[in-house]
Amino acid sequence: MALRFDDISINTLIGSGSFVKGDMHVNGFIRIDGDIDGNLETDGAVIISEKSRIRGNISAKSAIVGGIVLGDIVAKEGVKLLSSSAVVGDIVSRRVQIEDDVIFHGHCISIEDEIPFNSESDKFLQEKAIKNKVTLA
């Protein structure tokens, strides 16, 4: 399985040594070489380099992860975890590729057919939101 990107040019870059605190909403393709403490949402692809650290949820069209993510990843088209990555959180995607030596602690929903994927992912995300509200109360 190969993840393809329709976006060729990077619209947003968080450079090495940079730190962002707070939620981010960006358009298009984003590459992260720095650190983020907050949620990231994009309508395009995201690349998280091997030296990056993210503490927050990621919502994107597709994601390639080489660094550390402490949060959930929802990427409808695909998620690829490189051997240098560590993910502590859930993954929801139609396609998931995990290389050797990856650290992954969480649940994964991956159904290639779009209609059952949409149904099951919505159900899973709703149940998770309800559980989070109950534990916070």
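The structure is a predicted model, in which local features need pLDDT of at least 70, side-chain atom pairs count only at pLDDT 80 or more, and totals for chains, interfaces and linings use all residues. Residues are numbered from 1 along each chain as its sequence is written, and side-chain values use heavy atoms, with hydrogens and water left out.

### Overall description

The protein chain contains 1 helix and 16 strands; helices (H or I, at least four residues) and strands (E, at least two) are DSSP runs numbered from the N terminus. Its C-alpha trace spans about 40 × 35 × 30 Å along the principal axes. Of the 137 residues, 41% are buried, where buried means under 20% relative accessible area, exposed means over 50%, and partly exposed lies in between (1.4 Å probe, protein chains only).

The chain exposes about 7900 Å², and carbon and sulfur atoms supply 50% of that area. Accessible areas come from the Shrake-Rupley method with a 1.4 Å probe; for residues, only the protein chains shown count as cover. Among contacts between residues at least 6 apart in sequence, 10% join residues at least 24 apart, a contact being heavy atoms within 4.5 Å.

There are 15 positive and 21 negative side chains, and the centres of the two sets lie 2 Å apart. Lys and Arg count as positive and Asp and Glu as negative, while His and the chain ends are not counted. The place of a charge is taken as NZ of Lys, CZ of Arg, CG of Asp or CD of Glu.

### Strand pairings

Two strands pair if DSSP finds at least two bridges between them.

| Strands | Sense | Bridges |
|---|---|---|
| E4 (residues 30-32) and E7 | parallel | 3 bridges |
| E6 (residues 40-42) and E9 | parallel | 2 bridges |
| E7 and E9 (residues 58-65) | parallel | 4 bridges |
| E9 and E11 (residues 73-81) | parallel | 7 bridges |
| E11 and E13 (residues 91-93) | parallel | 3 bridges |
| E11 and E14 (residues 96-98) | parallel | 3 bridges |

### Strand E7

In a regular strand the side chains alternate between the two faces of the sheet. Strand E7 (residues 45-48) is covered on both faces: Ala-45 and Ile-47 are buried on one side, and Val-46 and Ile-48 are buried on the other. Ile-48 in E7 stands opposite Ile-32, and the bridge partner of Ile-48 in E9 is Val-65. Ile-47 has Ile-64 as its bridge partner in E9.

### Strands E9 and E11

Strand E9 is largely enclosed by the rest of the structure, because 6 of its 8 residues are buried. Leu-40 has Ile-58 as its bridge partner in E9. Towards E11, Ala-60 stands opposite Ala-75, and Ala-63 stands opposite Val-79.

Ser-62 also belongs to strand E9. This residue counts as buried because its relative accessibility is 3%. The C-alpha atoms of Ser-62 and Gln-97 are separated by 12 Å, although the two residues are 35 residues apart along the chain.

Val-79 lies in strand E11 and is buried, with a relative accessible area of 0%. Val-79 and Ser-59 are 20 residues apart in sequence and 11 Å apart in space, C-alpha to C-alpha.

Asp-101 is found in the loop between E14 and strand E15 (103-105). Most residues other than glycine have a negative phi, and most peptide bonds are trans. Asp-101 has a positive phi of about 70° although it is not a glycine. With a relative accessible area of 69%, Asp-101 is exposed, whereas Val-79 is buried.
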